[in-house]
Each structure stands twice: as structure tokens, then as C-alpha cells.
Amino acid sequence: TLAVLDFGSQYTQVIARRIRECQVYSRIYPYSVTAAQLKKDGVCGIILSGGPSSVLAKNAPLPDKKLFKLGVPVLGICYGVQLMGKLLGGEVARSERREYGRGAMTVKKKGALLKGLPKKLQVWNSHGDKLTKIPAGFEVIAYTENSENSVIADEKRGFYGIQFHPEVHHSERGVEILQNFLFGVCKCKADWKMANYIEEATQLIRDQVGNKRVILGLSGGVDSSVAAALIHRAIGDQLTCVFVDNGLLRLKERERVEQVFRDHFHVDLRVIKAGNRFLSALKGVTDPERKRKIIGKVFIDVFEDAVKSIGEVDFLAQGTLYPDVIESVAIDGNPAALIKSHHNVGGLPKRMRMKLLEPLRELFKDEVRRLGEELGLPKEMIWRHPFPGPGLGVRVMGEIKRKYLTILKQADAVLLDEMKRTGHYEKVWQAFCVFLPVKTVGVMGDERTYDYVVALRIVESQDAMTADWAHIPHNVLGVISNRIINEVEGVNRVVLDISSKPPSTIEWE
Ligand code: XMP
């Protein structure tokens with residue numbers, strides 16, 4: 001096991017993830033873990049993460065100093081190297097010039113850590129303090145313009161310190177530095193796989209849950225689906241999944257979820273058909289924010305009713321991923337600074353007084369997808385586009401009416417069908433239809449028509465923060481338009497949204 005001690009850096013999980021990519025088993029420990037515990041767990045190396053604190057602060061988080069006596073290699077990154085400086089007899093000071101962003105590093109001596117790397121490298125820094133005097137036994141093996149002690153090494157004891165962040169993509173060949181530490185210094189074996197993760201995770205779930213019952217709100221999206229499959233693998237029928245059909249889902253969505261989870265995985269799945277409840281609460285409402293709030297509130301009400309009907313439940317499971325966690329609050333005494341609250345975390349469990357079970361909270365999206373594949377979820381479910389919580393409710397502009405939803409569902413099904421058939425579905429971030437309650441004149445056969453408009457929204461994006469409209473070939477768009485107008489009653493015009501985000505958003509409401 002490679003131990004990563006967490007001092008609250010945003011990048012701790014990125015370090016763990018890079019180690020998993022190297023097929024080495026790593027575990028994240030709270031920074032206060034005892035050296036005795038690490039020894040008991042048989043760790044082969046220790047990484048001290050970065051963190052938002054300053055080692056000069058009075059209440060700076062400090063590790064158990066005895067970990068330097070375990071006889072295993074230690075790598076300090078950013079805050080971690082300053083800790084080594086402080087605890088092993090060096091000196092740390094506030095630097096006049098804080099070093100943020102890209103910087104050029106020059107290698108003086110390669111040693112085991114920088115083996116195979118070129119003399120000059122671009123690295124990614126983010127620190128205010130710096131090591132002004134290195135501890136005895138160490139030597140400087142690389143420097144940048146702003147820090148003469150950028151990388152330090154004590155080859156004899158296997159202690160290394162890196163002032164920048166080798167784990168982030170912006171640090172050129174940073175992964176090789178980590179690999180050098182893992183394989184060259186710690187002599188780790190590359191034998192860890194996602195299948196091992198399933199074993200570890202299911203064991204942890206069993207330990208945490210015992211013989212208690214767990215409930216999970218299944219949305220059919222990737223995260224909740226993978227969480228459901230994983231937890232079911234661990235505890236079988238102690239898990240109950242609740243799927244709320246809010247009437248705002250895509251065509252045949254409920255049936256697909258039932259087929260996968262009930263028929264294939266034999267999960268105890270309760271489907272709540274609450275379309276009427278949602279639609280009556282939304283009657284006459286046109287404001288997008290109010291629509292979202294109502295849908296959110298009714299969801300909680302329906303979900304709570306469902307939980308009550310199930311009886312004694314101790315845990316609420318959620319498919320929270322690491323990016324959701326880090327954007328959320330300072331949780332469990334984790335010193336990570338608050339960035340913003342996220343809509344997936346919190347709220348529900350507090351009100352329902354249940355313990356949280358979040359087996360995916362250390363993973364990134366692409367890892368969750370791999371995990372889902374390993375668990376046997378259908379590819380279609382794993383690679384689907386994001387779908388907003390309020391569903392088609394924010395894709396019917398203005399007041400939501402049954403008739404509009406019927407039209408939108410059919411048009412959307414045609415769009416997705418053609419996108420998949422032509423191989424464009426996988427290439428874009430999202431593709432969906434928007435219903436416009438606007439009537440325009442058309443002519444079909446010899447007859448005048450007066451029907452509704454459907455807009456196509458197809459975007460490319462990396463993370464939904466920014467997006468651009470996708471340049472889908474005209475012939476593909478032509479087929480989509482023809483099919484929608486011919487097959488969906490009530491539509492006589494299809495338009496294409498060619499706005500980027502910003503200034504537009506991906507969804508229309
Ligand atoms: P916007 O429209 O803000 O959307 O550009 C960014 C991404 O978020 C999705 N989205 C949501 N996802 N609950 C969600 O889980 C929501 O309320 C919600 N609203 C938007 C949207 O589909 C896009 O991928």
C-alpha cells in the first residue's frame with residue numbers, strides 16, 4: 001500500500017488517482033494517522049500531500065513525526081515538503097513572491113526521482129511559503145526562478161520533497177516523477193486493477209453498513225447507477241433503490257432502468273410513478289427558477305414518502321464523486337477550503353436523519369465509468385450524456401403541459417437515435433431537443449399547418465463550464481429534421497441552436 005496523507009489539498013485525490021493509473025494500490029489517510037497504524041498496514045511508501053495551511057501557522061496540521069522512522073520512503077509535495085523542512089530540521093519562510101502557475105524548472109542532478117527527465121521542465125506551482133534552508137542529509141536536485149529548493153532529495157533515507165505539483169496535468173512529465181517514486185524508490189508493484197477496487201470497496205461497504213438497511217435514489221444517470229450496482233454487489237437485498245418517475249423523463253427511460261436493475265441485477269427496486277404530482281405542482285408556472293425549485297421540492301417529498309413506506313432505514317446512499325466533494329463544504333474536519341456548495345451534496349440526508357454512504361467519493365468520472373463497466377452495467381448507461389435533475393421540465397419552455405412533453409419525448413428520441421446511428425453521439429457532450437411553445441405556419445402535402453417548433457441543442461464541452469455548438473454535418477442534421485417533422489405529430493419546424501456557453505448556457509432554462 002502506498003499511503004497518501006491528506007493535509008487538505010484540492011489535489012490529494014488527484015495524487016491518489018495518478019497512483020491508481022500506475023496500477024499501484026494507494027490509500028488516503030487523514031494527516032493525523034499514527035506511524036504505528038501505517039506500519040500495521042504495511043505501507044511501502046508515504047506521500048505527504050499539499051494543503052491550504054502554512055506550516056508557520058500556530059495550528060498547522062502536523063503528521064506523526066515517527067513516520068520518518070518507519071524506514072519507508074517519504075515524498076512531500078508542496079505543503080508536504082515544507083512539513084519535512086520543519087520537522088527534519090530545515091527552515092521555512094513566507095516567500096516575498098508567491099509562486100503560482102507555470103514555472104520553468106532546471107534539473108541539477110537526477111537521482112532516483114528525476115531519472116529519465118530532461119534538464120528543463122515546465123511545472124505547475126501553487127505556494128506562498130518556501131523552504132529557505134533544507135534539512136541535514138538533503139541536497140537540492142532542481143530549482144525554479146522563484147525557489148532555489150524546488151526539488152530536494154535524501155537518497156540514503158529515501159526522502160524526497162517537491163515544491164510544485166507533479167500530479168497535475170500542467171506539470172510536464174509529472175507522472176514520470178511519481179512513477180520514479182513509486183517504482184524506482186518504493187519498489188511498488190504495478191498489479192492493482194479496477195477489479196481490486198470492487199473487492200476493497202465492497203468490503204468497506206459491508207464494514208460500514210453491517211446488517212443495516214440502505215436506500216438509494218436511483219436516477220438512471222451514471223453515478224447513481226454505478227453506486228447502486230456496487231452497493232448491491234456488497235450487501236444484496238439490504239439495499240433498496242427508489243426510482244422516482246417525475247413524468248419529465250425521456251421516452252422509455254423508466255422501462256430501461258427497470259430492465260437493468262430489476263430484471264438483470266435483481267435489485268429491490270421501488271418505482272414511484274409521481275408524474276401527476278409533479279405536473280399539478282407545476283401547473284401554470286412559467287419561471288425557470290420556480291420550476292426548478294418546485295421539481296426539487298416535490299422530489300424530496302415523494303422520496304421521503306417512499307422512505308417512510310419502506311420502514312427502518314439507516315443509510316442514504318449517494319453517487320457523490322470526488323469533484324462533487326471538493327466543490328462542496330469542508331467535510332469531516334477536512335481542512336480543504338470551501339469553494340462552492342454543490343447541488344448533489346447535502347440537504348436531503350440532514351432532513352432525513354440518515355447516515356450517508358458514498359462509495360464513489362474518491363473517484364473521478366472516468367474511473368466511475370470503468371468501474372461501471374467492470375460491474376457489468378450496459379455500455380449505453382455508462383456512456384450516456386448528462387441529464388439535468390429537473391429533466392424535460394427545463395426543456396419545455398415556459399409552462400409544462402402534457403401535450404408538450406409528449407412531443408418533446410418523441411422528438412428527442414429521434415435525435416438520439418440518429419446521433420447514435422451516425423456515430424456522433426459519442427463525440428459530443430450533450431445532444432437534446434428543446435420544445436418551443438411557439439406556433440408557426442407550414443405546409444404538409446397540400447395543407448396548411450400551424451404547429452410547434454423544436455430546437456436542437458448539440459454541444460461539445462470538456463466539463464460543462466464552457467461549451468460550443470457542435471458542427472454536425474448538414475446531411476445528418478437534414479435527416480434529423482426530416483424525421484422529427486414527419487414522425488412527430490404537432491411539429492412542423494426544427495431549428496438549430498448555434499450559441500456557445502458563455503454567454504448562453506447549455507440548457508435553455
Ligand atoms: P448549463 O445549462 O448551466 O448546464 O450550461 C451545465 C450542465 O449541467 C447540467 N444541468 C444540471 N444537472 N441538475 C443537474 O444534475 C440540474 O439542475 C442541472 N441543470 C443543468 C446541464 O445538462 C449541463 O450538462
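Modeller: This is a predicted model. Let us begin with strand S17 (residues 468-469).

Biologist: In which sense do S16 and strand S17 pair, and over how many bridges?

Modeller: Strand S17 covers residues 468-469. Its pairing with S16 is antiparallel. The number of bridges is two.

Biologist: Which residue in S17 does Val459 stand opposite?

Modeller: Strand S16 spans residues 447-460. Val459 has its opposite number in S17. That residue is Trp469.

Biologist: How many bridges join strand S15 to strand S16?

Modeller: S15 takes in residues 430-444. The two strands run antiparallel. The bridges joining S15 to S16 number 13.

Biologist: Which residue takes a positive phi in the hairpin of S15 and S16?

Modeller: The hairpin has two residues between the strands. The phi in question is near 65 degrees. The residue is Gly445.

Biologist: In which sense do S16 and strand S18 pair?

Modeller: S18 holds residues 491-496. Five bridges link it with S16. Among the partners are Tyr452 and Val491. The sense is parallel.

Biologist: Now to Leu70. Why does Leu70 count as partly exposed?

Modeller: Leu70 sits in the loop between strand S3 and strand S4. A buried residue needs 20 or more neighbours, and an exposed one has 12 or fewer. Leu70 falls in between, because its C-beta neighbours inside 10 Å number 16.

Biologist: What separates the C-alpha atoms of Leu70 and Val43?

Modeller: Along the chain, Leu70 and Val43 are 27 residues apart.

Methods:
Residues numbered from 1 in each chain as written. Predicted model: local features only at pLDDT ≥ 70, side-chain atom pairs only at ≥ 80, totals over all residues. Helix = DSSP H or I, 4+ residues; strand = E, 2+ residues; numbered from the N terminus. Pairing = 2+ DSSP bridges.
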